[in-house]
Structures are given as C-alpha cells and as structure tokens.
Number of protein chains: 2
Amino acid sequence: MDVVTQISNAIGADRVLTGEEATPYGKDWTGAYTSTPLAVLRPANTQDVSKILQIANATGTPVVPASGRTGLTGATLAQDALMLSVERLNTISEINVKARTATVGAGVILSNLHDAAETHDLIFPLTLGARGSAMIGGLLSTNAGGSNVVRYGSTRGLCLGLEVVMADGRIMNLMTALHKDNSGFDLRNLIIGAEGTLGVITAAVLKLEPKPQAYATAMVAVPSLPVALDLLHHLQEQTGGGVEAFEYMPRSYIDHHRQFFPDVTGPFETDYDINIMIEVAATRPEDAQAAEDGSVPLNALLEDTLGQMLEDGTVLDAVIAQNETQRREIWKRREDAGEVAFFCGIFVNTDVALPLDKIADFEARLTPRIKAIDAEASEVIVAHLGDGNIHHTTYINRNDPAIMDALVEAVEDVVQELGGSFSAEHGIGVSKLETMKRRKDPVALDAMRAIKSALDPNGILNPGKVVPSAD
Amino acid sequence: MDVVTQISNAIGADRVLTGEEATPYGKDWTGAYTSTPLAVLRPANTQDVSKILQIANATGTPVVPASGRTGLTGATLAQDALMLSVERLNTISEINVKARTATVGAGVILSNLHDAAETHDLIFPLTLGARGSAMIGGLLSTNAGGSNVVRYGSTRGLCLGLEVVMADGRIMNLMTALHKDNSGFDLRNLIIGAEGTLGVITAAVLKLEPKPQAYATAMVAVPSLPVALDLLHHLQEQTGGGVEAFEYMPRSYIDHHRQFFPDVTGPFETDYDINIMIEVAATRPEDAQAAEDGSVPLNALLEDTLGQMLEDGTVLDAVIAQNETQRREIWKRREDAGEVAFFCGIFVNTDVALPLDKIADFEARLTPRIKAIDAEASEVIVAHLGDGNIHHTTYINRNDPAIMDALVEAVEDVVQELGGSFSAEHGIGVSKLETMKRRKDPVALDAMRAIKSALDPNGILNPGKVVPSAD
C-alpha cells in the first residue's frame, strides 16, 4: 500500500488532497517557488498529525509543514514530498484576559487572532503585510518579525508554550503559560524558527499585550544615522520604551517611491538624505485625551522632544500626524515598500541585520563595491532601524546571474565584516541554503546538523531546507 | 600521562590547582553540596578552555564548568571530575553606549558589570542577592531570574551573543550584537539554561538598558489575588510597562518575618492577608523632578492610581515610600526572604512557576494536602507575583525524610495540575534531577537526551546534572 493510501486510511480520505485539488498548494505567495506535492494533508487535530508523521517516518517519506505559505524563502516547497497543511487546526481555544494569553491552533490566521484579542481590549502585537493569510504555525516556524519588533520582539518573544509533533509522531507537550520556566533545555525556542525541520508545531500559548490608547506618529529628517540612534534612545527614555516603530527611509527610497507614486508629495518641502518614520504609543487613556487647548499629551511629548532637537540642530525637519488620515499617509509610504521593491525591474533584494551602530558603516562600505560590480546599478534601502534590520535592494538594467550573484556576495561580505546576519527576519528556506553553508559559523552548522539528526534521524522533516548538507 | 598532567602541559601548571588549593572549590554557597574535584582548572582565555576540553573529550574525563558557585541546585558539584572555573575570563572588553551592549567574559562578576554600565548612565538590569559573587557564565547557564524579571525578562532575555566551547573543544562563535537573527536554529537559547551540559560559555554580548531616573515604591494590601493581578495590569498600562517589581508577601510571610525581626513594624497598622510590594520606574528625568508643591510626578501617578482604588475598595491599604530610607525599608522586608527561609528550623523549600491567574488556586489546593501530611506543618510563601514565580516553604517540627519527600510531592502535584513548572528560576542541577525524571514531559525528556548525546557524545560535560538517565 502506498504512503498516501496509508495516510488516507489513518486520517480519512476527505483530509487528503491529490491531483488538481492539490495544485494550488504547490505555489506560495512569491510565485517564485512551485512544486508538485505527493499529496496535501489537512489534519483536523493533533492526533492526525501524529498519525501522518508515524507513517511518514516509518516509510522515510519527506513531509513539508505548511500554513499560510506567505514566506519569502521557499520553505514550503514540497517537490516529491507530502505537504502537511495545518490550516484546519484553526481554533482559538482560549483568550485568557486575566493571564493575558491566547491558546491557539497552528492554523489560526494572524488577523483572526488580532480580532479576537481586540474584543477584550488586548492586542497580539505581531503584525505584517501578510496578516490576512499568514498563520501562527508558519509565523512561529520562521520567527517572523515586522515593524514593531523594537517594542515587542519577534514572534519568539511572544510565545509562552508550544505543542509539537516530533518526527516519529510523538507529541511533545510544552503548552504552558509561564513567564519563568527553568526545567531543562529551551526546546521551545529551538523549535521556533526551525522552519519545520525539527518538528511540526500544532498549537501555541501566546502573550497578549494591553491595547495602546494613543499613538503619535511623525516623519523626521536628521543629519546622520548616529544622530538617528541618539533620537531613538532619547525617545525610548521619554516614553518609557514606548517606541513602536522606528523606520529608516533614505533619500533613495523617497525618490524611488515618488517614481512609483508621482502624486504623493512630501514628506518634507525640502528633500533630506535621512528620513525616519517614528511611532510611539501609550496604553494610558489620559495620553490620548485632548486638553482644553486641543493638545494631546502623547503628541505634545513628541512635539516637545522634536522641537527641542530642531532648536539644537539634531533634527532638521519634522512633521507630526495631526489625525488618523495623516497617520495613515505616513504609514503608507513605508508599507508601499514591498510593492516598490518587487515590481520594479531587475533587482537583488536582501534581508540583513546589523548591530544598531553599524548601519552607516554598512552603507559606506557597500556602495563602492556595488559600483565596482556594475557602475550603472542603483541602490534602495528601507530599514527597521530600531532593530537593525535592513532591506537593501540593488536595481540593475540586465538579467545577468553572474552580476546578481556578485551583488549578493557584496552585501553578505559587508554584513559579515560588521558582525551582522545574512537573515534578519525572513529565515533560510531554500533561498539562503547556500549562504548558510558559506557564511554560518562552521561549528554552529555542525551543531545544527547534529541536532537535526538527533531529532529527525530519518530526515523526513522539510529536508533540503535550513540545514545545508556537510559535503 | 594522567589527564591533569596533560592539561598542565597544555595550559600551564599555574592555571591548575590541586590538593588544598582546590579544596575551597569543592563547596558552593549553600554548603549543602561538597565534592573533591580531580583538579581545578583556571583557563586564562578561550583557547585554554578549548585545549582543556579537547583533552577531556579524548580521555573521557568529566568536566564541570563553574563560575561564582552561588547556585542553589548543586550544579557545580564536581566529584571525580575536573572543575573548569571561568573566573579568570573576567574582562569587560566593551561597553558600547551607542548600541547599548556590553561584551564580557564569562568570569565577570555581576556587580562589576553593574558598576561598569552605571558609569555610562546605563544598567545591566539582572540583579539578585548573590550579585557580588555570581558571574555571567553561571547566570547565563542557569538563566537566572530575580526581582525585576517582570520588567526585563530572565537572563536569556538580556543576552544577544555567546561564545561557547563545545565538548570536543571547538569554539562556536555566536558573538553578535543583533536584535534580529533568523540564520538557523536558536543555538544561543539552547546553551543558555543548559547548566554547562551542552557547552562551556566563555563570553557574551549582553543588552544594556537606560538607567531609571525615578522610582516609586509602595506596599499595598488588596482583598484577593485576582485583584492583585488587576492592579498589576492597571499599573502596567498607567506606566507603559514600568513595573519593576511586583512581589507578594502574604500574612504568613509578614508574621514569619516579624518573629525574626521583632523590632520591625508595619507594613500597615492593621494586618492583611495579601500584601504586595510594588516598584515602578521611569527613565524620563522629569518624572523625578519635584513640582512647586513638592510632589514628584512618578509618585503622584502611583498616589492617584492607588487613591482611586482605595476609594472603590479594590485596595485596602497603601503606603508609598516618601524617600530613599523608606524605600530601603520596604525592600528590606522582601530581601530578608533568604535569611528568613533558610535559617529557621526544619523546612522544605521550593521554586515553582504558575500561570499568573493560578496563584490563588495553588494556595487553596496545597494547604489541605500539606495539613494531611503533617497537621502541625506551617507554610510561608513569598512570590515574584508579576512573573508567577512562587517560593513556597513548609516548616515542620521533625527531621523526617519521608514527610519532607511527601511535602515536595504535594507541591509538585499541585503545580503539575495547574500547568506550572517545578523549576522557575533556580534550574535543575542535581537537586531536581529526580523531579525532572518524574515530572517533565517524556517526549521533551527524550529530545533533551538526544540533543545531549548529539552535542556531547562522550558525555563529559557536567554529567549527572539536568538530564536524567533513561533507565
């Protein structure tokens, strides 16, 4: 009996898709990665997942866990493999208002969790463009980031408990809602970010946070990146760590954006080299209440801080949103980044992290190397400056793989020189597997291989992803 | 040639202590665990550590990493083993004010790092009673907690980068200062909290935080623990997450403390069942500046909040420290906990974690079971309520191991029923090895064993700690 039939018998044929029904699952959001899975399995509960993995492990059949398939690295590519979709594990089983936790299945869509939390005046802070499709299982498996990591951390920082089905089908129960737990190795964080290569996440206990009652949002121009970092620290001190977004849009990005959206004006009458989008938030209702003179405390705090800095020259220009419409306009410029980057000619796009004080060095070292590779290349940067995450794109005027490879190498060289990482928030998947092999500390790579073999001795879980072979 | 001679030849005889010189290292702070190491090795650099482990691995000699030896679980017991003390790796090589990081050796004493950070108006937030002896290596290896985890997280949350010498002597370089890094498995968090069983931490990059400019400290009596939790959430919203300590001292603790220190009065004129010590902090200098009427903004915020709650009956009584002396008095009652617990008759002491909303259930379920074991037993609780960490002590009037075992079991039963952990912040060492075997999820235990074998195939790193054998 073939493996798909075995699984159909074990979990029910209605939970197994093949042929045309399975075809849509062979594509992900990027469209860059396509595959033909042996079958698409849609288990209805953790026991089903356990049965699937028992059979796959016994038969040595590769299994690719998948959820919303909105990742950017091809981690759910499932050629000649079973695709295990957790989409039916989509129950929010508890919102615990007292403990501020949510207990969710791996197939819960991020925006559904947002909505469920908001009905209790709480938030699940993680947010990103794909929130309407991305699911908790995938977000945890890639340790997804986004624009408010500076405030709340990546997905890893928002997870208290996990349920994981291991390669042999056994269920590991780490489903606790604890803020302290020193009972052995940190298996939770090992599974988070492992992109389904060490186990299949089926459920999680997540942290909820109080819903901000007030936002103050501004665009600011500063004379240098070190000054921008000073501004970040100063705002953190003024707001008690209330900075929710601190995004860097250099002149290259503003110009590029304007080519795409010629009707958009601003952000300033004059163009500056270094533009920062700032959002601070407060959970105290009083901070959102207008005084008799119409001033709102949180806005006033931002006005005072920036006004002082305008006077002493550390800020060159500043615009503070006076209403929600103006706030949305400021955000839109930043959120257009995906569209502006991905649908504009031939390009090489990267997702790198640097120490907070090395961003200026990165730019200074990289530009001459790019020009040496292709004198006509142009660069566009947009960055989560508050957490050191840069998305750097180089546009070139011909589709030359050798040049594209050289550009990737140039970025990665500079990142390595400055103690950065070649993957900040997107993960490894297949797209960065070769980079892992070349750039990751070799002792760490061997440790990863040893752990992979220990927890998945038959190598059935998402093979060919994340962990490069040793040869 | 014996192994100690081999190591002496490799790293220099002056770095190897034997006989009487080694004797003091056979004791830890508790005095409960004593051993006679084969030798005490004091490497001067990471290369020395590498050489030691190469020789130990080749000869199959157990190695027990140690630093300040202030742990409470016997994790540095080194009978018939080499003790590898990292005390000479005591260099603070960088305080990076711009990036707010410190790069330190594993032998740096916590209070020395505190001092170094403070000269830059920054703090390394982790603090605990043993700060004058505890070293970074041990603090990371046990993922130490303390009283301000509610604000800053445990040690794990304060570490960005690690240098680790693996069992075979190879050096794993994870020494980055990145806030986002999705380049493969989370090896950093796997090593943190592993109590030296997976590798020897030799250096780290740690996060620094801005130094609070103002503190407001209070003792508050509330009618129930659910109301205390509401108070915590309310204060977090009022201060933007500025609660630094939220400590629970029930009547049992206040009474017990008073027996020990009969001269101490208070905290209130009336005695209450549920007393909470609160400290909030602000990093904005204005929050510490007295107005014309003498009021200080941060104190005023606490006064307003508590005043409102006194009116509506959710707070029964409250005292706010008006100066540093009063603040120290409030803190002293909490910090006496160690002395009060450990030097007062025959007792069973535990360190457990519970979901934030289960503390009252824990007390209600536990007391009848303790009375059933020993009708004359008395309980004292003191807890880091903000993070769900309870230190529960049962005092008994005779030294009966069967009763003591039964009491430990009773606590652990209730903890397990309520989804808690039998180790919150102290770790496992040898003292909780049997508990690990009985209580830890069996699939998680097997995963731990597999990882241990994968990274330390000869079993030389701190054997007999943390990971119980499978038989």
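Trainee: In which strand of chain A is the place of Pro210(A)?
Mentor: The model is a predicted one. The strand in question spans residues 209-210 of chain A, and the place of Pro210(A) is in this strand, S11.

Trainee: Is Pro210(A) buried or exposed?
Mentor: The cut-off for burial is under 20% relative accessible area. The relative accessibility of Pro210(A) is 12%, so Pro210(A) counts as buried.

Trainee: Which residue of chain B does Pro210(A) touch?
Mentor: Residues up to four places away in sequence are not counted here. Within chain A, Pro210(A) touches Arg100(A), Asp121(A), Leu122(A), Ile123(A) and Thr283(A). Leu122(A) is 88 residues apart from Pro210(A) along the chain, yet their C-alpha atoms are separated by 4.7 Å. From chain B, the residue touched by Pro210(A) is Glu237(B).

Trainee: What is the area buried between chain A and chain B?
Mentor: The contact involves 84 residues of chain A and 84 residues of chain B. In chain A, Lys180(A), Asn182(A) and Phe185(A) lose the most area to chain B, together 16% of what that side buries. Carbon and sulfur atoms give 57% of the buried area, which is about 6400 Å².

Trainee: What is the order of the strands in the open sheet of 4 strands in chain A?
Mentor: The edge strands are S1 (16-17) and S3 (63-66), each pairing on one side only. S1(A) pairs with S2 (residues 39-41) in the antiparallel sense over 2 bridges, whereas S3(A) pairs with S4(A) in the parallel sense over 4 bridges. The pairing in this sheet is mixed, and the order is S1-S2-S4-S3.

Trainee: Which residue of S4(A) is the bridge partner of Val64(A)?
Mentor: Val64(A) and Ala66(A) point one way from S3(A), Val63(A) and Pro65(A) point the other way, and all are buried. For Val64(A), the bridge partner in S4(A) is Met83(A).

Trainee: At about what angle to S4(A) does helix H2 of chain A run?
Mentor: Helix H2 comprises residues 46-59 of chain A and lies across S2, S3 and S4 (82-85). Angles are taken between N-to-C directions and run from 0 to 180 degrees. Relative to S4(A), H2 runs at about 165°.

Trainee: With which side chains does the side chain of Glu247(A) make polar contacts?
Mentor: Glu247(A) lies in strand S13 (residues 243-250) of chain A, and it counts as buried because its relative accessibility is 1%. Leaving aside neighbours within four places in sequence, its contacts include Ser147(A), Asn275(A), Ile276(A) and Met277(A). One polar contact, at 2.5 Å, is with the side chain of Arg334(A). Another, at 2.9 Å, is with the side chain of His384(A).

Trainee: Against which helix of chain B do the buried residues of H3(B) pack?
Mentor: Helix H3 covers residues 110-118 of chain B, and its buried residues include Leu110(B), Leu113(B), His114(B) and Ala117(B). An α-helix has 3.6 residues a turn, so residues three or four places apart point the same way. The buried residues of H3(B) pack against strands S5, S6, S7 and S10 of chain B, and also against helix H4 (136-141).

Definitions and conventions:
Residues numbered from 1 in each chain as written. Chains lettered and ligands numbered in written order. Predicted model: local features only at pLDDT ≥ 70, side-chain atom pairs only at ≥ 80, totals over all residues. Heavy atoms only, no water. Pairing = 2+ DSSP bridges. Contact = heavy atoms within 4.5 Å. Buried < 20%, exposed > 50% of the residue type's maximum accessible area, 1.4 Å probe, protein only. Polar contact = N/O pair within 3.5 Å; in protein donor to acceptor, adjacent residues only side chain to side chain. Buried area = accessible area lost by both parts, 1.4 Å probe.
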